[in-house]
Amino acid sequence: MKTVREVLAEMGLQEVFEIKTEYPSPHGSLIREQGRKVDVALLDRKGRPYLFLECKWQSVSGSAQDKLFRAVEEARRDRLFGVHSVVVVGGEGFASAIKRWALTEGLIHESFLKDWLREFFKR
């Protein structure tokens, strides 16, 4: 499996955007009422957030499944502030019902990330 950074580099997006990991969101967290770090952020040439990618990986059943609901709400909030924001999921540990819910909510499975980015950036 390729990392998100590898996919972004493969597509040449590091030439257009500054790519940061563990980026402190300027919006904080509405749900936890504290700071929040986004897994991967693409910043425009002026240093403003353009796209947030929140990554949730679950190799066995556990707590990442519960964190998806919070991640979806945070992504919705980012979009209200004008930052494109999506959640990328991967791993075999998510229950089937959660996978279906995630895809209907617009989350992206890691296997489709490159295609999604290609369409999003028209590359």
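1. Two strands are taken to pair if DSSP finds at least two bridges between them, and helices (H or I, at least four residues) and strands (E, at least two) are DSSP runs, numbered from the N terminus. On that basis proline 49 in S3 is the bridge partner of leucine 43, and S2 and S3 run antiparallel, joined by 4 bridges. The hairpin of S2 and S3 has 5 residues between the strands, and glycine 47 there takes a positive phi near 85°.

2. On provenance, this is a predicted model, in which local features need pLDDT of at least 70 and side-chain atom pairs count only at pLDDT 80 or more, while totals for chains, interfaces and linings use all residues. Residues are numbered from 1 along each chain as its sequence is written, and side-chain values use heavy atoms, with hydrogens and water left out.

3. The sheet is open and has 5 strands in the order S1-S2-S3-S4-S5, with mixed pairing; its edge strands are S1 and S5 (108-109), each of which pairs on one side only. S1 (residues 18-24) is antiparallel to S2, with 6 bridges between them. Within this pairing, valine 40 in S2 is the bridge partner of threonine 21, and lysine 20 stands opposite alanine 41, also in S2.

4. S2 is mostly covered, with 6 of its 7 residues buried; here buried means under 20% relative accessible area, exposed over 50%, and partly exposed in between, using a 1.4 Å probe and protein chains only. A nonpolar core is a set of buried Ala, Val, Leu, Ile, Met, Phe, Trp, Tyr and Cys residues joined through side-chain atoms within 4.5 Å. The largest such core has 17 residues, of which Leu8, Val40, Leu42, Leu53, Leu117 and Phe121 touch the most other members. Two or more residues of this core come from each of H1, S2 (37-43), S3 (49-57), S4 (84-90) and H4 (113-121). A second, separate core holds 10 residues, among them Val72, Val87, Val89 and Leu107.

5. Phenylalanine 121, when residues up to four places away in sequence are not counted, touches Leu13, Phe17, Leu42, Tyr50 and Leu51. Glutamine 14, in the loop between H1 and S1, counts as partly exposed because its relative accessibility is 40%. Leaving aside neighbours within four places in sequence, glutamine 14 is in contact with Leu8, Ala9 and Ile19.

6. A salt bridge is a side-chain nitrogen of Lys or Arg within 4 Å of a carboxyl oxygen of Asp or Glu, and a search of the whole structure finds 10 of them. One of these joins lysine 114 and glutamate 10 at 2.3 Å, N to O, and so links distant parts of the chain, H4 and H1, 104 residues apart. Lysine 114 counts as partly exposed at 28% relative accessibility, and glutamate 10 is likewise partly exposed, with a relative accessible area of 40%.

7. Glutamate 54 lies in S3 and is buried because its relative accessible area is 11%.

8. Arginine 77, in H2 (residues 64-80), deserves a separate remark. Apart from neighbours within four places in sequence, arginine 77 is in contact with His27, Gly28, Ser29 and Leu30.

Definitions and conventions:
Contact = heavy atoms within 4.5 Å.
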